Amino acid sequence: MARAKSALLLGAAVVALLSWACVLAAATNLTTTSSASTVAITSSSPQQPRDETTLRTPSSGEAPAAPPSSNDASFQRIVLDKGQLELEEEKRKRQQQGLLEQRLQKLQEQRRLCARCDCFALRRAAQSANATVRVSLDENLDDVPDTTTSPSLTVTTTGSKAKTTPLVPPVNQVLVINCTSRLLAEELPRWSWPARLSAGEAVAAETWAEFRGGDLSGVSRLPQLPFHLTRLSLADNRLRSVAPRAFANLKTLRDLDLSNNVIADVPHDAFLGLASLERLNLSGNSLSSRPLSADLFKDLGKLNKVSLAHNKIAGELNADTLPWSGSILELDLSYNGLTSVSAGAWRRLPNIKVLDMSHNKLSSLTPDAFLELRSLERLDLSWNALTALAPGSLAGLAGLRTLVLAHNALRGQGLPTASFTQLAALDTLDLSSNAISLHESAGALSALPAALRSLDLSHNPLGRAEGGLEGQTEAAATLPATLESLSLAHCNLHGLDVRSWGGLAALRRLQLAGNDISVLSSLAHLDALAELNVSSNALTRFPTVALPALRSLDVTHNHLERAPTPFSPLLAVMRLDDNPLEELRIAASPALALLSVRGMPQLRSLPRGAVHLHAAEAPANATAPCLALLLSHNPMLGEVHEDALRNITFCQLDMSHNALEWLDPRATDWSAVPSLDLQGNPWKCSCRLQWLLEGPMQHIYRSSPALLEDLRCSSPETVSGRRLVHWFNHTGRALCDGELMDLQSAGTVTFKMSPASLVVMGCLGVAAVGLVLLGILAHRRYVARRRVRNRRF
């Protein structure tokens, strides 16, 4: 019996060894039923197979990644690991930060510029006076080039070394000294500048210094700054005060920024010596209603722009509140607490052209409040509490071109007929977001200046009261004939007869969004209209009308059952989003550059000729090179006719997030579309979709690989959720090969045995059978001998 057991155990061991040998032999010939490149095999659930391919969008200037070759035995080498990329990027950033820290430490040790400093130069490019090129500088400014060919140079020789010193700074260079990062306030008084700056050498046409984002609340004096400094920023430093004559040595300073500190008072001689100063920013401080010194700007003969916004200047504004300077052209007093303006408040500031008093608490304007501002061109009184305009409150503003009264509480009876009659030069009037009703303010609107070109009445209850805009046809007819822009958005209008306006022949922009208009009676006489917005209304149809100058039409969020068909040979932008169209049919000129058809809840199909461009209608100079069609997020769209998009050149085609299962390859030249987005559709991955892998997929992979991220199969169930890029560069017809589907089912792998493996398996089977038979015979013999032995006893 022991021998039989030994034989059996030996046979089992031999079988196990042969089995492992066979598996190893077969592993050399392991292959999937697909003939694509090697695929990483991992355990995954049948419902959502794991896809090892990670796409990366090439960065700017980087050549697109080459597609994987089917002959490459290591497809995984081009499979990008997002986590690995992030680790490498983080490592690179740490290396750069380390180099920067070393450089900053060197600067701090040498006390060249500042404790934490980044120095660079900006050179204007030769081809453009406004373009600049950043050039890094070292701590000695050795990278600032000298113009050795300029005749305005002196050359001095010390020993055997010649030194070139420019008498006139280069006109194409700006030196920027940025001391913003991690400012150390305790070291500020000890900072020293490079020798070339301290000696007064003009190394650039302009020199800017920025000390932002630190804490200088305990600093009593500033370091010795280069005398040729042209711009200085001390913003965001918690400065509490400005010392007398703090900037006396900065004779060339033109721009001083002291914003966002806690300065509560400014001495009368704080800016003494700044003869070249043009712009002063004191916004975001704690300046209060206590009058500033009248002599504060006495010696600033070139000062033209002052900002006192975001302070605590409250109460009545009078002549003693502000310092005097006849050179100031722009004054910003916004975001304060001013409640009124007294007569004569501006007698010390007669030349102001731009005045911003928005976001205050003004409740009324006294007569002659702005009488001295005869040069004023723009006045902003928005976001106050004005309820009326007193007669004469805008007197003296004969040169005013822009008046902003938005976001107040003006009512119709608070606008006398003569409110705007004295504003002969008025070009733009903003009365939006008030409480103006048309029947109460018809007189004031009828007396608008003849030069008015832009009128904003949006967010006013024009259509609420009885006899609103729909019933006051004579009111619209009195609007100036020169009007080019009119906004009646969000005015609660229920109907509008544009023909009643009569004389608006020059109107170019009409805003009617956010109303409840169901019918547009006529737009025929608006021959100059270029932009029309009737979005968020209740339109059921758009009038068939000729608008020869129309370039932009927005009818989104309406109840249109058919697409508009205006005769507009220049129409370039049409937006039809969120309308209950069931079928799309659009006829337009080749000038059409953008067509948006998104969020259509009932759109089911694109029939033959759904988008048709009439070449004969377009002028010779109005043809558009290509069309951007945004046809996405239509949950019922599942059919696109083969001739729906024929003969159209696309620069962008977005058909994402629809209900498309299949597309006809003849519908357009899919591979020629620069930006093609087909993501988020329930694609049926069958042989009918094979053309997508062979053409458009190649183009998308090279141009915009991110657009393949959510391009997935929805059926059959065995490949549901699988991205189509999984079969990218497949040598055969992947979606037409039946055995390919077996590969996708829950990660199943089949073995393709070589002849040698078959021989090994056969030998293994014969040996196993022989061992079993030997074991059985041995066992029977053992039992027979035992019986004989028992009989003897």
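**Exercise 1.** In which sense do strand 11 and strand 13 pair, and over how many bridges?

*Solution.* The model is predicted: local features need pLDDT of at least 70, side-chain atom pairs count only at pLDDT 80 or more, and totals for chains, interfaces and linings use all residues. Residues are numbered from 1 along each chain as its sequence is written, and side-chain values use heavy atoms, with hydrogens and water left out.

Step 1. Strands are DSSP runs of E with at least two residues, helices are runs of H or I with at least four, and both are numbered from the N terminus. Two strands pair if DSSP finds at least two bridges between them.

Step 2. Strand 11 and strand 13 are joined by four bridges in the parallel sense. One of the residues involved is Leu317, whose bridge partner in strand 13 is Val341.

Step 3. Strand 13 covers residues 337-341, and four of its five residues are buried, so the rest of the structure largely encloses it. Here buried means under 20% relative accessible area, exposed over 50%, and partly exposed in between (1.4 Å probe, protein chains only).

**Exercise 2.** How many aromatic pairs does the structure hold? Describe two of them.

*Solution.* Step 1. The structure holds three aromatic pairs. Rings of Phe, Tyr and Trp (its six-membered ring) pair if their centres lie within 6.5 Å; planes under 30 degrees apart count as stacked, over 60 as edge-to-face and the rest as tilted.

Step 1. Phe247 and Phe271 are stacked, at 6.4 Å centre to centre and 15 degrees between the planes. Phe247 is in the loop between strand 7 (231-233) and strand 8 (255-257), Phe271 in the loop between strand 8 and strand 9 (279-281), 24 residues apart. Phe247 is buried at 2% relative accessibility, and Phe271 is buried at 1%.

Step 2. Trp346 and Phe370 are also stacked, with 6.3 Å between centres and 15 degrees between the planes. Trp346 is in the loop between strand 13 and strand 14 (354-356) and Phe370 in the loop between strand 14 and strand 15 (378-380), so this pair ties together parts 24 residues apart in sequence. Both Trp346 and Phe370 are buried.

**Exercise 3.** Trace the interactions of Arg231.

*Solution.* Step 1. The charged end of Arg231 sits over the ring of Trp208, 3.8 Å from its centre. The criterion is NZ of Lys or CZ of Arg within 6 Å of the ring centre and within 35 degrees of the ring normal.

Step 1. Arg231 forms a salt bridge with Asp255, the closest N and O atoms being 3.9 Å apart. A salt bridge is a side-chain nitrogen of Lys or Arg within 4 Å of a carboxyl oxygen of Asp or Glu. Asp255 lies in strand 8 and Arg231 in strand 7, so the pair ties together parts 24 residues apart in sequence.

Step 2. Asp255 counts as buried at 16% relative accessibility, whereas Arg231 counts as partly exposed at 30%.
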